[in-house]
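Here's a quick tour of a protein model, written for someone who likes to check things by eye. Have the viewer open and follow along.

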Amino acid sequence: RITRPEGDSTDFTFDALTQIRTVTSANGVPERAFWRLGGLGGTTALDSSGNASHGTLQGAYTLNQTGAVTGSTDRAIAFAGGNVDIPAAAVTGTTKTYAIWFRTSSNGVLISKSNAATGSIPSNFTPLMYVGTDGRLYAGTSNTQMIVTAGTVNNNPWRRAALTITP
């Protein structure tokens with residue numbers, strides 16, 4: 001647990017296999033949703049947070065792919081134009097963090113928000129995290145509020161990225 005002088009705190013867990021620390025709660029607030037995307041069948045992206053905010057796999061994708069961590073039995077999904085449609089209630093609130101493991105050799109949107117209700121087709125969407133045509137990772141809430149990596153991320157190793165949005 002890390003506690004700032006202002007009194008707020010963040011709890012972490014540590015996975016000995018991956019050697020990655022993961023936020024388990026911030027200020028005592030547990031995660032709202034967590035989609036592992038390691039399903040072996042079906043079209044449901046199961047929410048393992050316990051809140052039943054399950055998503056729906058859509059478009060072109062391939063299940064049961066090798067995951068990010070060597071030595072782990074965790075699986076992954078390869079998207080080829082597909083996406084996960086998640087319930088809007090899972091991403092409401094003023095402060096939120098979006099995190100993703102990804103690997104790519106091309107450009108495209110990794111995480112976005114849209115104006116559509118779950119299961120319907122949006123008339124517009126805003127990329128929150130994407131790989132640009134220059135191969136760099138962009139993250140933010142608008143074109144004027146973007147963080148950009150110095151180097152490229154489209155050379156196919158697994159990467160982990162997180163974007164925290166605060167008011």
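## A hairpin to start with

How many residues lie between β12 and β13 in their hairpin, and which residue in the turn has a positive phi? Four residues separate the two strands, and Gly-135 is the one in the turn, with a phi of about 85°. Strands here are DSSP runs of E with at least two residues, helices are runs of H or I with at least four, and both are numbered from the N terminus.

β12 and β13 run antiparallel and are joined by three bridges; two strands pair if DSSP finds at least two bridges between them. Within this pairing, Tyr-130 sits opposite Tyr-138 of β13. β12 also pairs with β11 (residues 108–114), again in the antiparallel sense, over six bridges. There, Gly-108 has Val-131 of β12 as its bridge partner.

## What kind of model this is

This is a predicted model, where local features need pLDDT of at least 70 and side-chain atom pairs count only at pLDDT 80 or more, while totals for chains, interfaces and linings use all residues. Residues are numbered from 1 along each chain as its sequence is written, and side-chain values use heavy atoms, with hydrogens and water left out.

## The chain overall

The protein chain has 15 strands and zero helices. Of its 167 residues, 22% are buried, where buried means under 20% relative accessible area, exposed over 50%, and partly exposed in between (1.4 Å probe, protein chains only). The chain exposes about 10700 Å², and carbon and sulfur atoms supply 51% of that; the areas come from the Shrake-Rupley method with a 1.4 Å probe, and for residues only the protein chains shown count as cover.

As for contacts (heavy atoms within 4.5 Å), take those between residues at least 6 apart in sequence: 39% of them join residues at least 24 apart.

## The largest nonpolar core

A nonpolar core is a set of buried Ala, Val, Leu, Ile, Met, Phe, Trp, Tyr and Cys residues joined through side-chain atoms within 4.5 Å. The largest one has 13 residues, and Ile-100, Phe-102, Ile-111, Met-129, Leu-137, Ala-161 and Leu-163 touch the most other members. β10 (96–102), β12 (125–131), β13 (136–140) and β15 (159–165) each supply at least two residues of this core.

Leu-137 is a handy one to click on. Leaving aside neighbours within four places in sequence, its contacts include Phe-102, Met-129, Tyr-130, Ile-147, Val-153 and Ala-161.

## Around Asp-47

Now for a three-stranded open sheet, with the order β5-β6-β9 and antiparallel pairing. β5 and β9 (83–85) are the edge strands, each pairing on one side only. Three bridges join β6 to β9, and Gln-58 has Asn-83 of β9 as its bridge partner.

Asp-47 is in the loop between β5 (44–45) and β6 (55–58). Is Asp-47 buried or exposed? Asp-47 counts as buried because its relative accessible area is 7%. Its side chain reaches the backbone nitrogen of Ser-53 at 2.9 Å. Not counting residues up to four places away, Asp-47 also touches Phe-34, Trp-35 and Ala-52, among others.

## Two positive phi values

Ala-52 is in that loop between β5 and β6 too, and has a positive phi near 55° without being a glycine. Ala-52 counts as exposed, at 53% relative accessibility. Asn-64, in strand β7 (residues 61–66), has a positive phi near 60° and is partly exposed, at 38%.

Notes. A polar contact is a pair of N or O atoms within 3.5 Å; within protein, one must be able to donate a hydrogen and the other to accept it, and residues adjacent in sequence count only if both atoms are side-chain atoms.
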